[in-house]
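This report concerns selected local features of one protein chain. Please consult the sequence and structure shown below while reading.

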Amino acid sequence: YELTHAPMDSDLVPSSKYYQILKEQNANLDYLMPQFYNGLTRPAVDGVLNGNQGRISAVSMFDDLANDLFPGQPSKVVFGFCIADCSGTGSNTNGNQAVAVLSDLKTYNNGEFSCNGGAFFWVAQHDVNGGFSDLVYAEVSKTAGCFNESY
(Lines give C-alpha, C1' and ligand atoms only; values in the text may rest on other atoms or scores of the structure.)
Protein backbone atom coordinates (compact mmCIF):
# COMPACT_ATOMS: atom_id res chain seq x y z
CA TYR A 1 0.00 0.00 0.00
CA GLU A 2 0.93 3.63 -0.37
CA LEU A 3 0.37 6.28 2.26
CA THR A 4 0.02 9.82 1.01
CA HIS A 5 -1.61 13.16 1.76
CA ALA A 6 -2.90 15.82 -0.66
CA PRO A 7 -3.00 18.98 1.47
CA MET A 8 -3.64 22.51 0.32
CA ASP A 9 -0.45 24.50 0.02
CA SER A 10 -1.66 26.84 2.77
CA ASP A 11 -1.36 23.93 5.22
CA LEU A 12 2.27 23.35 4.30
CA VAL A 13 4.04 26.31 5.82
CA PRO A 14 6.80 25.06 8.14
CA SER A 15 5.31 26.85 11.15
CA SER A 16 1.98 24.97 10.90
CA LYS A 17 1.17 22.10 13.25
CA TYR A 18 0.14 19.99 10.25
CA TYR A 19 3.55 20.46 8.63
CA GLN A 20 5.27 19.51 11.87
CA ILE A 21 3.16 16.33 12.18
CA LEU A 22 4.03 15.39 8.60
CA LYS A 23 7.69 16.07 9.29
CA GLU A 24 7.63 13.86 12.38
CA GLN A 25 5.95 11.10 10.36
CA ASN A 26 7.90 11.55 7.11
CA ALA A 27 9.31 8.03 7.20
CA ASN A 28 5.73 6.70 7.16
CA LEU A 29 4.65 8.75 4.13
CA ASP A 30 5.35 7.40 0.67
CA TYR A 31 4.77 10.76 -0.95
CA LEU A 32 3.05 14.10 -0.51
CA MET A 33 0.75 15.66 -3.11
CA PRO A 34 0.57 19.39 -2.34
CA GLN A 35 -2.19 21.32 -4.04
CA PHE A 36 -0.21 24.18 -5.57
CA TYR A 37 -3.49 26.02 -6.15
CA ASN A 38 -6.25 27.78 -4.20
CA GLY A 39 -3.91 28.76 -1.40
CA LEU A 40 -0.58 30.50 -1.08
CA THR A 41 0.94 29.78 -4.50
CA ARG A 42 -0.06 30.53 -8.09
CA PRO A 43 2.57 28.83 -10.26
CA ALA A 44 0.48 28.92 -13.45
CA VAL A 45 0.31 32.72 -13.21
CA ASP A 46 3.56 33.53 -11.42
CA GLY A 47 5.76 30.76 -12.74
CA VAL A 48 7.39 28.39 -10.30
CA LEU A 49 9.99 30.93 -9.13
CA ASN A 50 7.84 33.96 -8.33
CA GLY A 51 5.21 34.79 -5.74
CA ASN A 52 3.39 37.77 -7.24
CA GLN A 53 -0.23 36.56 -7.36
CA GLY A 54 0.38 33.95 -4.70
CA ARG A 55 1.91 34.97 -1.40
CA ILE A 56 4.98 32.77 -1.83
CA SER A 57 6.68 31.10 -4.75
CA ALA A 58 5.92 27.47 -5.46
CA VAL A 59 9.63 26.64 -5.57
CA SER A 60 10.09 28.06 -2.08
CA MET A 61 7.41 25.74 -0.75
CA PHE A 62 8.72 22.81 -2.80
CA ASP A 63 12.18 23.47 -1.34
CA ASP A 64 10.81 23.31 2.22
CA LEU A 65 9.07 20.03 1.46
CA ALA A 66 11.96 18.40 -0.42
CA ASN A 67 14.74 19.52 1.91
CA ASP A 68 13.12 19.89 5.31
CA LEU A 69 10.01 17.73 5.51
CA PHE A 70 11.60 14.96 3.38
CA PRO A 71 15.32 15.79 3.74
CA GLY A 72 16.95 15.57 0.32
CA GLN A 73 14.04 13.65 -1.20
CA PRO A 74 12.30 15.77 -3.86
CA SER A 75 10.98 12.59 -5.48
CA LYS A 76 8.54 12.27 -2.57
CA VAL A 77 6.80 15.53 -3.53
CA VAL A 78 4.18 15.31 -6.32
CA PHE A 79 3.29 18.72 -7.79
CA GLY A 80 -0.47 19.34 -7.86
CA PHE A 81 -2.36 21.36 -10.49
CA CYS A 82 -5.99 22.37 -10.94
CA ILE A 83 -7.28 22.17 -14.52
CA ALA A 84 -10.61 23.89 -13.88
CA ASP A 85 -12.88 24.81 -10.96
CA CYS A 86 -10.17 27.06 -9.52
CA SER A 87 -10.82 30.23 -11.48
CA GLY A 88 -12.05 32.03 -8.37
CA THR A 89 -8.49 32.02 -7.05
CA GLY A 90 -6.80 32.35 -10.44
CA SER A 91 -5.35 28.86 -10.12
CA ASN A 92 -6.61 27.11 -13.25
CA THR A 93 -3.70 25.64 -15.18
CA ASN A 94 -3.62 24.41 -18.76
CA GLY A 95 -1.25 21.72 -19.98
CA ASN A 96 1.29 24.12 -21.45
CA GLN A 97 1.46 26.11 -18.22
CA ALA A 98 1.92 22.92 -16.20
CA VAL A 99 4.74 21.78 -18.49
CA ALA A 100 6.47 25.16 -18.08
CA VAL A 101 6.16 24.94 -14.29
CA LEU A 102 7.52 21.38 -14.17
CA SER A 103 10.33 22.16 -16.60
CA ASP A 104 11.37 25.23 -14.58
CA LEU A 105 11.19 23.22 -11.35
CA LYS A 106 13.62 20.68 -12.82
CA THR A 107 16.18 23.35 -13.68
CA TYR A 108 15.95 25.28 -10.40
CA ASN A 109 19.20 25.60 -8.46
CA ASN A 110 21.29 23.69 -11.02
CA GLY A 111 18.79 20.84 -11.24
CA GLU A 112 18.27 20.24 -7.53
CA PHE A 113 14.67 19.15 -8.19
CA SER A 114 15.21 17.48 -11.57
CA CYS A 115 14.24 14.21 -9.94
CA ASN A 116 10.90 15.09 -8.39
CA GLY A 117 7.71 13.15 -7.70
CA GLY A 118 5.98 14.20 -10.91
CA ALA A 119 2.52 15.72 -11.07
CA PHE A 120 -1.14 15.18 -10.35
CA PHE A 121 -4.17 17.20 -11.32
CA TRP A 122 -7.67 17.99 -10.15
CA VAL A 123 -10.30 17.04 -11.70
CA ALA A 124 -9.96 14.10 -14.13
CA GLN A 125 -13.20 14.87 -15.99
CA HIS A 126 -11.74 18.23 -17.04
CA ASP A 127 -8.88 16.55 -18.88
CA VAL A 128 -10.83 16.46 -22.14
CA ASN A 129 -9.27 14.03 -24.62
CA GLY A 130 -6.07 13.99 -22.56
CA GLY A 131 -5.28 17.59 -23.49
CA PHE A 132 -3.70 18.21 -20.10
CA SER A 133 -2.38 14.80 -19.10
CA ASP A 134 -0.73 13.99 -22.43
CA LEU A 135 1.41 17.13 -22.25
CA VAL A 136 2.27 16.66 -18.57
CA TYR A 137 2.98 12.97 -19.06
CA ALA A 138 5.48 13.79 -21.79
CA GLU A 139 7.27 16.19 -19.44
CA VAL A 140 7.38 13.98 -16.36
CA SER A 141 8.42 10.99 -18.46
CA LYS A 142 11.72 12.71 -19.22
CA THR A 143 12.88 11.99 -15.67
CA ALA A 144 10.61 9.09 -14.66
CA GLY A 145 12.32 6.47 -12.55
CA CYS A 146 15.23 8.70 -11.58
CA PHE A 147 14.68 8.52 -7.82
CA ASN A 148 16.90 6.72 -5.36
CA GLU A 149 14.95 3.74 -4.06
CA SER A 150 17.17 3.37 -0.99
CA TYR A 151 15.08 5.62 1.25
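Asn38 lies in the loop between β2 (31–32) and α2 (43–46); helices (H or I, at least four residues) and strands (E, at least two) are DSSP runs, numbered from the N terminus. The model is predicted, so that local features need pLDDT of at least 70 and side-chain atom pairs pLDDT 80 or more, while totals for chains, interfaces and linings use all residues. Residues are numbered from 1 along each chain as its sequence is written, and side-chain values use heavy atoms, leaving out hydrogens and water.

| Residue | Phi (positive, non-glycine) | Relative accessibility |
|---|---|---|
| Asn38 | near 65° | 28%, partly exposed |
| Asn109 | near 50° | 46%, partly exposed |

In strand β3 (residues 79–82), Phe79 and Phe81 point one way, Gly80 and Cys82 the other, and all are buried. Strand β4 (residues 119–122) pairs with β3 in the parallel sense over four bridges, where pairing requires at least two DSSP bridges. Phe121 in β4 is the bridge partner of Phe81.

In the loop between β4 and α5 is Val123, and the peptide bond from Trp122 to Val123 is cis, with omega near 10°.

Contacts (heavy atoms within 4.5 Å) link α4 and α5: residues including Leu102 and Lys106 in α4 meet residues including Leu135 and Val140 in α5.

Key
Buried means under 20% relative accessible area, exposed over 50%, partly exposed in between (1.4 Å probe, protein chains only).
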